[in-house]
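Colleague: I'd like a close look at one part of this model. Keep it brisk, and state the cut-offs.

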Amino acid sequence: MEKILIVLIVDDEKDWVQMVSTRLKHEGYQVGVAFDAVQAVTQTISLKPDLVLLDIIMPAGSGVAVLEKLRENIKTFNIPVIVLTGISDKQTQEAAEKLGISGYFVKPVDMDKLIEKLKEVLIKQ
Amino acid sequence: MLNIIMAGAGITIFIYSMTLFWRTYRLLEGKKISLLWIALAFLVIFFLLGYVAFEYLMINGKEILSFKALVSQIFFWGAVFVLICAKLFHSTFIARKRVEETLLISNKHLQQEITERKRAEYELAQLKEKQYRTLIENLPQKVFLKDINSIYISCNENYASNLKIEPKEIVGKTDYDFYPKELADKYRADDLRIITSGKTEEVEERYSQNGKEIFVHTLKTCLKDDEDRAVGLFGLSWDITERKHAEDALEESLMVIGRAKREWESTVDSIPQLICLIDSQGCILRTNRVVEQWNLGQVVNVKGKKLHELLHPGCADSACYLETFWPIAWEKLSNGIPTEYEAYDKILNLHIHIQVQPILPGICRKGEETASYAVVVLLDVTERRIAEEERRRASELKTASEIKSKFTSMVSHELRSPLGVIKEGINLVLEGLAGNINDMQKDLLDTAKRNTDRLSRLINDALDFDKIKSGKMEFDIRGNDINEVALEVRKAMSLLAEEKGLDLVVDVDDSIPKIRFDKDKIVQVFTNLVDNAIKFTEKGSISISTKQEDNVVHVIVQDTGVGIEAKDMQKLFHAFEQLDNIRDKKKGGTGLGLAISKEIILAHKGKIWAESEAGRGATFHFTLPIKERRG
């Protein structure tokens, strides 16, 4: 039986989370959500998702900080992360890439491309 | 009886005559005494004769009248004669005696007088001589006397000591005894000249004595006797070395002072501010030369004028700031507070900055205890004011621009998120994930989707443009194939072209090597150009071609559309210049596409331009350098 893959969506924009989760659910994934940096870490540890869609700017800490924590934690260090953010500056992208990410998307995102990338990453897993 | 009387009278006369003789004798004082004695002898004889005769007559008792009378007559007349003689004698002698006496006395007086005068004169001469000697001796100058042959007659102590001799020793000597021949010759010549001309000469000479420089002032004058004949030479000389040094020092100090004054004046004159020294009444005492510039080059007499009179000649406005500021400034100044004042001068059309400083007490004029003067500095700050104004405006503009930039950035970011949500929501519904939809619903959602896409593009363009303009656009330049990009663009745009029934032709030059550019950005430019071409072309074709030219890759996007009017060509690449607003809006343009494209191409050191004629389509060109030029 094919394992249902879990994707954790981290974003403080709840409407956006709703749209993405609807889409991902339709694509057949199980979706977890987190609305801030703290939840992001705890949910990742508890849900053990197969992939994290991570926003950068949110309450209680930046996405880069979350990524750092995930990479430090033995339980989460190898979970693939795709950054999906409104921030398009190079420094942030480089900082995230240094910590190991599978993709960097800037909003507004072409949902098809995102799904494509998601599938690509998950297949590798 | 008569005889008796006559005899008596004769006797009386006789006695009287005797006294007269006596007195004459006394007068004669032994001189011519013999004469007297003779007279006296006569008298006695006469007397005796008379007496004998008388006696004879008396004895005889007879009167011989004739004889008696004769005798008495003789006697009497003899006595009278004697008396007259005696009287004459006496008178003569008395007169002579008196004259003699008078003469004698006056002679005596005269003699005495002469003697006294002579003595006085002598004494005076002695005194004068003494005084003269004393004077000469005590004169600090060197004094000498020479005769007409230039031989020394005398000199004072100073002169002698200078020659290292005693004053007495100089008598009979000449200059040749004391000075070198050359100098003595000169002195001799000088002396002769002065003696000949009879004039006085003064000369200043310089000597070297014991290695020191000595200045001597000499005055030589010709001595003359009462008949104006030259009898000698009087010389007076004194050391003026100290005076010379003092004069030199004075001259030096005057020069130093003069130089300092000039330096200071030119310093003050070269200060661009108008500097005025002003008294408590506001009257100018002095200004620097800048006043000429302020008065349009007219040299005016500034003294006693007020600033208002100086700078606004002919102006009768008593409320002028130059009049009104002074009492206030002076009031402050008397409390030791300097004042500054700035005003716009309507008459001079200048912004003027005025500084009022109290003058230091040390500069007060003689007899004044407190500062009664002020320094007023006027500066034309018009340029500064204008510059400040410009800076302020620029700063405002910059701030405004920054605010706009921030605003654009913020708004764009903030718009993106909800837009993404709306777009995704529409997509989900359109794709039927929220259940089936009918055609009408689909139509409406399509319109909504199209508009969200347009809004999304607008936001992206605005952000891009802002980034480019603020220099924040980052380029990822690496080796890329332009033909590949052209093909990709065709692939992406072909659907759009097909929808309008347009052909999208690509003609690439295969020889083009890989060149360095930011692929995403060039795709953006390409897409923008093709997108525009499709938008403005209703029928015909769009062709994309690439070719290699001298060191550049030339990309051409050509359409058969409406073209561009000549008047619009210039503003084509300007931001927010939509050529035909209404039509362009229908086409969903942002008005930024070409401006962004231009900036991207320029950032790649390429060129972008367009060729078109209204109604005959448009051709857009851009070039990219094959080898990136460095520097």
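Which residues form a nonpolar patch on the surface, and with about how much accessible area together?

Modeller: This is a predicted model: local features need pLDDT of at least 70, side-chain atom pairs count only at pLDDT 80 or more, and totals for chains, interfaces and linings use all residues. Residues are numbered from 1 along each chain as written, chains are lettered from A and ligands numbered from 1 in written order, and side-chain values use heavy atoms, without hydrogens and water.

The patch is W22(B), Y25(B) and W37(B), with about 360 Å² together. Patch members have over 30% relative accessible area and no salt bridge, and nonpolar side chains (Val, Leu, Ile, Met, Phe, Trp, Tyr) are joined within 5 Å. Areas are Shrake-Rupley with a 1.4 Å probe, and only the protein chains shown count as cover. W37(B) sits in helix α2 of chain B, residues 33-60; helices are DSSP runs (H or I, at least four residues), numbered from the N terminus.

Now the interface. Chain B puts 16 residues in contact with 15 of chain A, contact being heavy atoms within 4.5 Å. About 1400 Å² is buried, 58% of it from carbon and sulfur atoms; that is accessible area (1.4 Å probe) lost on being put together, summed over both parts. V421(B), E424(B) and L433(B) supply 34% of what chain B buries there, more than any other three residues. R23(A) and E424(B) form a salt bridge at 3.0 Å, N to O (Lys or Arg side-chain nitrogen within 4 Å of an Asp or Glu carboxyl oxygen). On the chain B side, α10(B) gives the largest share, nine residues.

Terms used:
Patches are made of residues with over 30% relative accessible area and no salt bridge: like charges are joined within 9 Å, nonpolar side chains (Val, Leu, Ile, Met, Phe, Trp, Tyr) within 5 Å. Helices (H or I, at least four residues) and strands (E, at least two) are DSSP runs, numbered from the N terminus. Buried area is the accessible area (1.4 Å probe) that two parts lose on being put together, summed over both.
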